2 protein chains.
Amino acid sequence: MDLTTQIPPADIRPGILRLDDSRIREVAHYGMKLGGVVPLWFGEPDEPTPAFICEAAAEALRQGHTFYTESAGVPELRAALAEYLTPLCGRTISPERIVITASGMNAIQIVMQSLVDAGTNVVTTSPLWPNCSETVRIMGGEVRPVLLSMGNDGWQLDIERLMDACNGNTRALFINSPNNPTGWVMPRDQQQALLDFAREKGIWIIADEVYDRMVFEGKRAPSFLDIASEDDPVLALNSFSKSWSMTGWRMGWITAPLGMIPTLLKMNEFNTASASTFAQHAGVVAVKQGEPFIARSVARYKQGRDLVYDRLSQHPRVRIVQPKGAFYHFFAVDGMTDSLDFAKRLVAEHRVGLAPGSAFGPGGEGHLRLCFANSPEILNHCLDRIETMLG
Amino acid sequence: MDLTTQIPPADIRPGILRLDDSRIREVAHYGMKLGGVVPLWFGEPDEPTPAFICEAAAEALRQGHTFYTESAGVPELRAALAEYLTPLCGRTISPERIVITASGMNAIQIVMQSLVDAGTNVVTTSPLWPNCSETVRIMGGEVRPVLLSMGNDGWQLDIERLMDACNGNTRALFINSPNNPTGWVMPRDQQQALLDFAREKGIWIIADEVYDRMVFEGKRAPSFLDIASEDDPVLALNSFSKSWSMTGWRMGWITAPLGMIPTLLKMNEFNTASASTFAQHAGVVAVKQGEPFIARSVARYKQGRDLVYDRLSQHPRVRIVQPKGAFYHFFAVDGMTDSLDFAKRLVAEHRVGLAPGSAFGPGGEGHLRLCFANSPEILNHCLDRIETMLG
């Protein structure tokens, strides 16, 4: 059944009808119908959640943790996250500053609802995971993308251009670092300059740090939480999805200044009430016992990253740089002007699923995104097909 | 730490700052600090989720159902719900019309985001669970409450007044039946009249039917889905929370006309991406094997309903009618002009937690809400205390 030809029986907001469908989903839905496709299109680890976390959820269910919980989240999880963050940040993060959300996605949604309305704007880097921009548009706000550029030393941001894009109607700077799709990581000096700017102008920094542990040097990417005081206009968003391979659990958190907490509690209540109660109890175990798993995952992803780089960097049509974080290669293909069409043909003719660069907004066209959180066998198989397609 | 005195470091939307805090939460937070309180303030069954549903979740985790799933939800769950709804509705409901959401609350949020913006309004009955109205206000819309009245035969709606409250800017009629907090159930003839009106005017009916199985005559309350075709402007919202005692799981669903599905998929993607994957697999088991549990629960709640009615209807200060659905008594107390103050004193002096009527908007003041989904022992204990307080 082709639903797109169906007409709704009453009015939908024009601004909602104009929202882009995800082009990642467009390729994926197309490919799923074909069958036998190796999917590297989503941002998802290839392994299921580790057994010790699953077992903790089963135990929480057996103990009857199936009731509503506080809007802020289960106290044990807020405390565990505060303990987890404090040494990573090198400064005390108190549990009162942490609100558990029903996914990192919902953390973005809640924050945008709180800050954005018609006549205001959010400045961000581009290319970017499209859902971030769409949440701004749902609230009637404007997205102001500032392009990253791909140099030989990796993706770069001209921070002056980011600041110049702000005006009196700017409510927030949305910074996703490590970045989906480029793997760009904002360096500490840029974070400090941007924090100074945000303080001076009274603009929020929304720091989407869901890939913070997926870095190939050091234990974690630089975080705005490392340099922000508890009174600074920084909202740091994170998720259980990437660090602990818990995508299907739908759980995230926001670390916020104390003055923002009452608003976030209200918005959590009016969005999902809270994240799943027993999932939060399993989250405690993930946070407290998950370090060996994270270390092993990052080592695997690094292997995948290097494998893809070593092969694609040899191809005359491909321009590729090593990402510093996240688990994607976002590479340019010479002569490819329609990445959506290319990605669909790659699926149809070669049964390999990549995300088209055009899905990621300005600066994305001409690129393809490949999730390298996969085994060498699968990656080599896909690269064989991609190379055939590239000619 | 009193967070309400903290000042946010940058601007929050004025419309968000004006949103009411939940007064139910206000009493509950006050009471939780005291300790030893018997809580009848939330709308929650007293028993944990049945073991067979918990075991299904544990098994889904063991099988590795921990990855992202489709925005529409796990296909097996959409199929199971279609099979569940079809005999209840007496007409075929196709799986294509069903979208799984991360709670009934989030279903409301997604629907309001899709329909409401500044300059539009939503007409609803009042008193009403406050979260419904707040989602309209988050989107900048106006809530137009039409009062239910409490007669000797129970709560009543003058449907002409509901229609008169609509104007050219009305996007939706929000009908929560069985109703939280009053237990009012909209009869079939009113549903038919309202559906005819909505068709003619091109206004959506948002039917919040989360208590549809919690009725004390018949198998289910009348549903708009029983009379609406798949092209009618009816969005029926439901939840796993009440029927299967799964409040802490955060899972619901929307049954919509086909023309609305593409919009709901987008909004699901941009709100939470989907509900928890393994929870959805457990949902299949709940829907398919849950009937004996529902029957047993309703029998228990009916016992609780009658017990509370029999005692409170004897009290000279109390005016109470038997609710037809949901699991609350919403009774009037003669001479009580500040239900929030009364509820706080009841907690402080007698350690019994009720929700203040003023939490439920216009028509709510002067009442208290008591959730009778509890054992006779607990209800009798609480009624002893309440009667003492009433004098």
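What follows is a walk through the interface between chain A and chain B, and then through a handful of residues in chain A.

This is a predicted model, in which local features need pLDDT of at least 70 and side-chain atom pairs count only at pLDDT 80 or more, while totals for chains, interfaces and linings use all residues. Residues are numbered from 1 along each chain as its sequence is written, chains are lettered from A and ligands numbered from 1 in the order in which they are written, and side-chain values use heavy atoms, with hydrogens and water left out.

Start with the interface. Here 83 residues of chain A are in contact with 83 residues of chain B, contact meaning heavy atoms within 4.5 Å. Between them the two chains bury about 6,900 Å², with 61% of that on carbon and sulfur atoms; buried area is the accessible area (1.4 Å probe) that two parts lose on being put together, summed over both. On the chain A side, the residues that lose the most area to chain B are A:Arg13, A:Tyr68 and A:Phe270, together 12% of what that side buries.

As for polar links, the rule picks out 41 residue pairs in polar contact across the interface of chain A and chain B (both at pLDDT 80 or more). A polar contact is a pair of N or O atoms within 3.5 Å; within protein, one must be able to donate a hydrogen and the other to accept it, and residues adjacent in sequence count only if both atoms are side-chain atoms. Several helices of chain A, including helix 3 (51-62), helix 5 (104-115) and helix 10 (277-289), each supply at least two residues of the side that touches chain B. The largest share of that side, eight residues, comes from helix 9 of chain A. Helices (H or I, at least four residues) and strands (E, at least two) are DSSP runs, numbered from the N terminus. Sorted by class, the side of chain A that touches chain B has 39 nonpolar, 25 polar and 19 charged residues; Ala, Val, Leu, Ile, Met, Phe, Trp, Tyr, Cys and Pro count as nonpolar, Asp, Glu, Lys and Arg as charged, and the others, Gly among them, as polar.

Four salt bridges are counted between chain A and chain B, a salt bridge being a side-chain nitrogen of Lys or Arg within 4 Å of a carboxyl oxygen of Asp or Glu. The side chain of A:Glu269 meets that of B:Arg25 in a salt bridge (2.9 Å, N to O). B:Asp117 and A:Arg13 also meet through their side chains, at 3.3 Å, N to O. That pair crosses between chains, from B:Asp117 in the loop between helix 5 (104-115) and strand 3 (121-126) of chain B to A:Arg13 in the segment before helix 1 of chain A. A:Arg13 has a relative accessible area of 6%, so it counts as buried; buried means under 20% relative accessible area, exposed over 50%, and partly exposed in between (1.4 Å probe, protein chains only).

Back to helix 9 of chain A, which is mostly covered: nine of its 11 residues are buried. Among them are A:Glu269 and A:Phe270. Just after helix 9 of chain A, A:Ala273 takes a positive phi of about 75°. Another residue that reaches across is A:Ser103, in the loop between strand 2 (98-101) and helix 5 of chain A. A:Ser103 is buried, at 0% relative accessibility, and its contacts beyond four places in sequence are A:Arg250, A:Met251, A:Gly252, B:Asn271 and B:Thr272.

Some pairings stay inside chain A. In helix 6 of chain A, A:Arg137 and A:Glu134 lie three residues apart, about one turn of the helix, and they form a salt bridge with the closest N and O atoms 2.9 Å apart. A:Arg137 is partly exposed at 36%, whereas A:Glu134 is buried at 4%. A:Asp232 and A:Arg199 meet in a salt bridge as well (2.7 Å, N to O). This pair links distant parts of the chain, 33 residues apart, with A:Asp232 in the loop between strand 8 and strand 9 and A:Arg199 in helix 8. A network of salt bridges links A:Asp46, A:Glu47, A:Arg296 and A:Arg300.

A:Arg213 is buried, with a relative accessible area of 4%, and its side chain makes a polar contact with that of A:Glu291 (2.8 Å).
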